[in-house]
Amino acid sequence: MSDKNITCECGHVNPYGTEICEVCGKPLQGDIESKKLLNMRYEGSARRSQTYKTTIIDKIWNFFSSVKVGIWIIILLLVASAIGTIFPQEMYIPPLSDPTVYYKEQYGVLGQLYYDLGFHNLYGSWWYMLLIAALGLSLIVASLDRFVPLYRSLKKQRVIRHESFMKRQKYFGVTEINEDTAELQDIKKALENKRYHVKEEDGHLFAEKNRFSRWGPYVNHIGLILFLIGGMLRFFPGMYVDEVLWLREGETEKIKGTEEAYYLQSDGFILETYDNNDEKFKNAIEESGQAAVAKNYQTDAVLYKQVGERIAGTDPNLEKVKEHPIQVNKPLKFDGYAIYQVDYKLNELQSMSFTMDNKESGESVGDLTIDLYNPEKSYDLENGYRVEVMDYFPDFEFNDDGEPTTKSKVPNNPAFILNMVSPDHPDGEVAFVAIKQNLEPLGENDYKMSFQNVDTKNVSGLVVRKDNTLWILGIGGAIFMIGVIQGMYWNHRRIWIRRKEHDIWLSSHTNKNWYGLKRELESITSQTGLQMPMDQAEQKK
Amino acid sequence: MAQLSSNLLYVAFFIYFAASIIFAISLFGRKWRKSDEETHAKKWGMWGFALSTIGFLFQLSYFITRWIAAGHAPVSNLFEFTTFFGMAMVFAFLIIYLIYRSNVIGVFAMPVAIIVIAYASVFPSDIQPLIPALQSNWLKIHVTTAALGEGILSISFAAGLVYLVKTVNQSKASKSTFWLEFVMYSLISTIAFVVLSLGFEAAGYSSTYQFVDQNEQQVTVDYTLPALAGPNDGEYVSGNEFGPLFEAPGWMKGEKAAHKLNTLIWSMVGGLVFYALIRLILRKRIGAAIQPALKNVNEELVDEIQYRAVAIGFPVFTLGALIFAMIWAQAAWTRFWGWDPKEVWALVTFLFYAAYLHLRLSRGWQGEKSAWLAVVGFVIIMLNLVVVNLVISGLHSYA
Amino acid sequence: MKKKNRLIVRTVILAIVFIAVGYTFYTNFFANESGIVQAGDQAPNFILTDLEGNEVELEDYRGKGVFLNFWATYCEPCKDEMPAMDKKYKEYKEKGVEILAVNVSEPKLTAESFADRYNLSFPVLLDKSNDVTNHYGVGPIPVTFLIDKDGKVVQKTEASLSENVIDSYMKQIQP
């Protein structure tokens, strides 16, 4: 391979593909006499991927090394992401609606097409994730391929640059030395005052500043790669917990996802709204058309830790950890977990109260309250009166066979089959009691159950979340920001000054902000009596 | 306090207007002034800058007084956000002006900022109470930083526009001249939209229709512009008895879909009328009419300003619209990222400017190509502000 | 030599990326949920009370096969398999196979009246706080775990079972 390397006239051996000698800056490609400005991108160093093409590994590598490919990946991601917002994603359609029909019903043929193409779950699709993976690979490969040679050539650059290199910079000027021309040491000082690092060799100068800004892109790419790794880590076991926890007031529940260790108790759910007559907000609330605007959702929670070994099914041995009002934006945090207030249900049925009445006299012979989550078998009303619960259906309906049954265990529509025992009916009379229903399936009764009232409780909808990837995402984000700022807010500037007989040559280069460089050169040249260099790009026009 | 605040905003608005005119004089006025070009430009440019600064200070006072009046940072609804975005644009312009002293950027940037602020005025400006999710310090940190980033990026649009007006060959019609005119038309349509909205509102126009929405619910919708496009199967209820001339297609069933369509049609038609009038008066393309005034503009400097604005704005935007947004989302919505449309469009904007930077730095897209990209970037930012808020509704409470 | 090193570096980097992405895809699209009881695992011990109020501990059934069923009265497929389960229970009880039917957090009364109505002879256990149900990672019911005499889960099934299937399952865990 070594025979393909390029030996410059200064004696330096450059890697194959180099456009500008790493040491002296002599252009190695094209016509040396050309007046065209040099392409200074990556210092004209040999980007490795362009130079070897043999194995399949190299071919894959070279593909992802291309900035063009990288830009295409960005564009594809951009377009795909935008498409995903045309109609709502599956996770944002109303709960319990069937996506197979929802999109067609809501958005017609286009909606159907959207669904058929799988765009309703676009961001979780294999091809979207593959695009992100390709972006990650492109970031790694392209950065490595450019950083290494760029680092090499900036490290190796020498004070004295080839004449042709200097002539072909955007800013280039020749000053004939006269009595106004400052001494070399004064020029050096002027440059140092502008915070340049100045090197001297044989009466020639090389001034450079902010080289670190050239590393900005690579630093921010590292940040992005870390961020993507963080996103990937989520799929590893134990890194991520996302559970929903519905907690009734007064209840203590095991916190799902905490591996048995923690329990949460709700001391109450609070919903506060803004005062509709509040001077400040009156107009806005009226305009919104809502009956009220929520001010606070809060669950007064108590966190417990389960101590010691415990066999499933047995009562936990709880130790109080802390009390914390969980509000939106103020989750309860402990041991890497966070519990968020996300939803609520107001006035869920908790218990029902009845009286047992004598139909004829209309008098009540006793009352009872049935806990809808744990009804008792029998309620003694004294004096020989008793109510037996024969069957209980928390969420009552008739099934296909016409039998009473329950849809779920939540008391949304509680119904009872009760046996009312009285001195006149020692075997009891059977009544079917449900909300707004009172049937006597086995014939006319002498007694009836009269509904009195219900007791309700609020239920908090909480989310239990653990995300062990946050720290790496945070570091990735921070490094990205450092990288972008480093690359964007500083500019790498270089000035070469070369004595050639009775002339002083000056050329200069920056990776961006030529205006800033120009102003700096104006200041330096006016101080030192040098000729302000010409903008050779402008002259061409 | 709230009254004082909105008065301050009016004052700021008119000062911006004056500043734009001054900047225009600094450029166009060269022909009729006797003084030599450089001193003329310098003098009027300085006045333009001074006025812009004063206007900015007035708007800043609006912002502060409204904050005091509301008890929370006034960046919590569309009106507040859009005015703040306009203010951020002016602020970004002031910074760029301090660096580059370019009057021509002011000629384009200030009117764009004015249009943005005028656009804000069509939204209800009542002070709103904050729903629980918005009660966070991250609200102000995230929104202000994001808006500032977008404001700086918008300066890149203004510079790109200058570049295009200056360099696009106006001697014959081409794709470039068409799209340049299209950009002009879009800006004019926004003005038309604002003028029509405020005009009909001042005239007290309102008519109410009733229709069945996607949830099979009977709902009513108030039209503040005469109904060209009525709700699908809608029924007139009360108010002014004009139209509708036709009904919105059946699949547009969202609560406000037909209303939004109606507004869009009015803006487009109104913009077309305004545009046609201007063309009739000028008897040439708007771009061609402005071009001679930019004869002395250094296009390379304008190109650099355009790039510099992206270089400064991109990190600010990323920090505000993605990083701070994620920190807040983690606290308010339990996850730092949830593919909410607004989040996605922030990502789209980020990706677009990332592509812009790679095209410019690695593939040498400068000058005209880069200027067109800056225009597209601004279109994306505007899409995020207008379409995503008004058409695609999500968690962001601005709809 | 240099070229060879370069190829090695490239190969290693690409391999790491491909493996990482492959693993992510695998867990995201193909892998089952982790952390729940699967066939081959040791069945976690539990203590629950039956309808008579007696404590029942799984470990006490070592040496016997256990047909561990999770059910509720609102679950139609659960109801459907109950009579067959009861029939096979009577047949296999002698042969050392026990049925434990865990009711998923319904009120005692509901479970009890159901057991009476269906005349169930096997023990019905009440998991009032869903503790055991969650511990076993049971989602939609019915779910049945077949546990052998050594307390190991032989099989987990989420189907409603017919008499024949129950028969073959019981044979499987018969000590």
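## Interfaces and domains

Together, chain A and chain C bury about 3800 Å², with 64% of that area on carbon and sulfur atoms. The model is a predicted one. Between chain B and chain A, the buried area is about 5200 Å², and carbon and sulfur atoms account for 64% of it. Within chain B, domain 1 and domain 2 bury about 2100 Å², of which 73% comes from carbon and sulfur atoms.

**Chain A with chain C**

- The contact involves 48 residues of chain A and 41 residues of chain C.
- Five salt bridges are found across the interface of chain A and chain C.
- A salt bridge joins the side chains of A:Asp391 and C:Arg117, at 2.5 Å from N to O.
- Nine residue pairs, both members at pLDDT 80 or more, are in polar contact across the interface of chain A and chain C.
- On the side of chain A that touches chain C, two or more residues each come from helix H1 (56–65), helix H4 (126–156), strand E15 (385–393) and strand E17 (404–406) of chain A.
- H4(A) supplies the largest share of that side, eight residues.
- By class, the side of chain A that touches chain C consists of 24 nonpolar, 13 polar and 11 charged residues.

**Chain B with chain A**

- In this interface, 64 residues of chain B are in contact with 61 residues of chain A.
- Of the area that chain B buries against chain A, B:Pro129, B:Thr334 and B:Trp339 supply 12%, more than any other three residues.
- One salt bridge is found across the interface of chain B and chain A.
- The side chains of A:Lys170 and B:Glu300 form a salt bridge at 2.6 Å, N to O.
- Polar contacts across the interface of chain B and chain A link 16 residue pairs, both residues at pLDDT 80 or more.
- Helix H2 (37–70), helix H3 (78–100), helix H9 (299–332) and helix H10 (341–363) of chain B are the elements that give two or more residues to the side touching chain A.
- H9(B) contributes the most to that side, with 18 residues.
- The side of chain B that touches chain A comprises 43 nonpolar, 14 polar and seven charged residues.

**Domains of chain B**

- Chain B is assigned domain 1 (2–170 + 284–390) and domain 2 (171–283).
- The centres of domain 1 and domain 2 of chain B, taken over C-alpha atoms, are separated by 26 Å.
- Their contact draws 22 residues from domain 1 of chain B and 24 residues from domain 2 of chain B.
- B:Lys284, B:Arg285 and B:Ile286 supply 30% of the area that domain 1 of chain B buries against domain 2 of chain B, more than any other three residues.
- Between domain 1 and domain 2 of chain B, zero salt bridges are found, and seven residue pairs, both at pLDDT 80 or more, are in polar contact.
- At least two residues each of the side of domain 1 of chain B that touches domain 2 come from helix H4 (103–120), helix H5 (137–167), helix H8 (286–290) and helix H11 (367–385) of chain B.
- That side of domain 1 of chain B divides into 15 nonpolar, four polar and three charged residues.

**Domains of chain C**

- The domain assignment places domain 1 of chain C at 1–31 and domain 2 at 47–173.
- Over C-alpha atoms, the centres of domain 1 and domain 2 of chain C are 47 Å apart.

Notes: Residues are numbered from 1 along each chain as its sequence is written. Chains are lettered from A and ligands numbered from 1 in the order in which they are written. This is a predicted model: local features need pLDDT of at least 70, side-chain atom pairs count only at pLDDT 80 or more; totals for chains, interfaces and linings use all residues. Side-chain values use heavy atoms; hydrogens and water are left out. Contact means heavy atoms within 4.5 Å. Buried area is the accessible area (1.4 Å probe) that two parts lose on being put together, summed over both. A salt bridge is a side-chain nitrogen of Lys or Arg within 4 Å of a carboxyl oxygen of Asp or Glu. A polar contact is a pair of N or O atoms within 3.5 Å; within protein, one must be able to donate a hydrogen and the other to accept it, and residues adjacent in sequence count only if both atoms are side-chain atoms. Helices (H or I, at least four residues) and strands (E, at least two) are DSSP runs, numbered from the N terminus. Ala, Val, Leu, Ile, Met, Phe, Trp, Tyr, Cys and Pro count as nonpolar, Asp, Glu, Lys and Arg as charged, and the others, Gly among them, as polar. Domain bounds come from an automatic or database domain assignment.
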